[in-house]
Amino acid sequence: MKVSLLVTVYNAEKNLPLTLESIDEQDYDDLEVVIVDGGSTDGTVELIQAFAARAAGRKGFCVQWISEPDGGLYDAMNKAFRMSTGEVAAVCNDKLCKPNAVSKMAAALEQGGADCVGVHADLVYVQGDRVIREWRMGQGRISEGWMPGHPTLFLRRAVYEKYGMYDTSYRCAADYEFMVRFLKDAENKLAYVPEILVAMFYGGTSNAGISNYLVSFREGYQALRKNGVPHPLWITLRRSMRVLTQFRQKH
């Protein structure tokens, strides 16, 4: 089962080496890495070129990449998916915490049964070496304010083909809207690996300050309404309370 890791970057020479190193360390033997760069002007393109050169000739590991202007993060994610060929796809813009992270996720997905459309795990938000937030979501329901951590989500290609890709009209919450879109249907089940497998770089699209958080709150509410989920305001408030309980200061 080929797994495609979708990496979208723009002027990311600080964090990209951490992402690529963690991918390079993976022990999974059928891995495709698709990198979409938005036309970076720092050293990002050179990092991608060096990574692709290292990967050349490695059995069971392939890299394809482009560097060109795009319409932002979600447009780049859609572009990366269209370039991919794997049976399973996962957005990987952060750091995989263990060399067997992809193997664990693929195994859990295969063991999940016919109605298992994807798999998710736990994650931490990091700023340098400091853990800002732990996200141990377990299993749950949208109506409880629950949602898997998108950076840990590995999905079968059929999900994108049935439900479509990321709605680029959203500024911060297209990933949330996309997950609501397919998880609102009860027949779609996710397997769960109860381990921290992803370290997310703090300061992303939906967590870079109070203004972005407020946009994310509003767009999350809109995503629920758009998809006909009952009680969207109550669910959005419950989801926000879940987030607040996840913050921890560690030194």
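## A walk through the structure

Lys184 is partly exposed, with a relative accessible area of 35%. This value, like those that follow, is computed from a predicted model. The side chain of Lys184 meets that of Asp185 in a salt bridge, with N and O 4.0 Å apart. Asp185 is also partly exposed, at a relative accessible area of 21%; the figure falls in this class because buried residues have under 20% and exposed ones over 50%.

Helix α6 spans residues 174-183. This helix is mostly covered, and ten of its ten residues are buried. The buried set includes residues such as Tyr176, Phe178, Met179, Val180, Phe182 and Leu183, and it also takes in Asp175, Glu177 and Arg181. In general, an α-helix has 3.6 residues a turn, so residues three or four places apart point the same way. Two of the buried residues of α6, Glu177 and Arg181, belong to a network of salt bridges that also links Asp167 and Lys226.

The search of the whole structure finds twelve salt bridges. One of them joins Lys79 to Glu68, with the closest N and O atoms 2.9 Å apart. This pair links distant parts of the chain, eleven residues apart: Lys79 belongs to helix α3 (residues 73-83), while Glu68 lies in the loop between β3 (61-67) and α3.

Because Arg136 lies in the loop between β7 and β8 and Asp122 in strand β6 (residues 116-127), the pair ties together parts that are 14 residues apart in sequence. Asp122 counts as buried, with a relative accessibility of 2%.

The strands themselves come next. Strands β6 and β7 pair in the antiparallel sense over five bridges, and Val126 has Val131 in β7 as its bridge partner. The hairpin of β6 and β7 has two residues between the strands, and Gly128 takes a positive phi near 65° there. Strand β7 is largely enclosed by the rest of the structure, because five of its six residues are buried. In general, the side chains of a regular strand alternate between the two faces of the sheet.

The loop between β7 (130-135) and β8 (154-156) holds Thr152. This residue counts as buried, at 1% relative accessibility. Which residues does Thr152 touch, not counting those up to four places away in sequence? Its contacts are Met105, Val119, His120, Ala121, Asp122, Leu123 and Val198.

The cysteines complete the picture. A disulfide is a covalent bond between the sulfur atoms of two cysteines. How many disulfides does the structure hold? The count is zero. Cys62 is in no disulfide, and the nearest cysteine sulfur, that of Cys92, is 14 Å away. A sulfur pair would have to lie within 2.5 Å to count as a disulfide. Cys62 is partly exposed, with a relative accessible area of 33%, whereas Cys172 is buried, at 2%.

Notes:
Residues numbered from 1 in each chain as written. Predicted model: local features only at pLDDT ≥ 70, side-chain atom pairs only at ≥ 80, totals over all residues. Heavy atoms only, no water. Buried < 20%, exposed > 50% of the residue type's maximum accessible area, 1.4 Å probe, protein only. Helix = DSSP H or I, 4+ residues; strand = E, 2+ residues; numbered from the N terminus. Contact = heavy atoms within 4.5 Å. Pairing = 2+ DSSP bridges.
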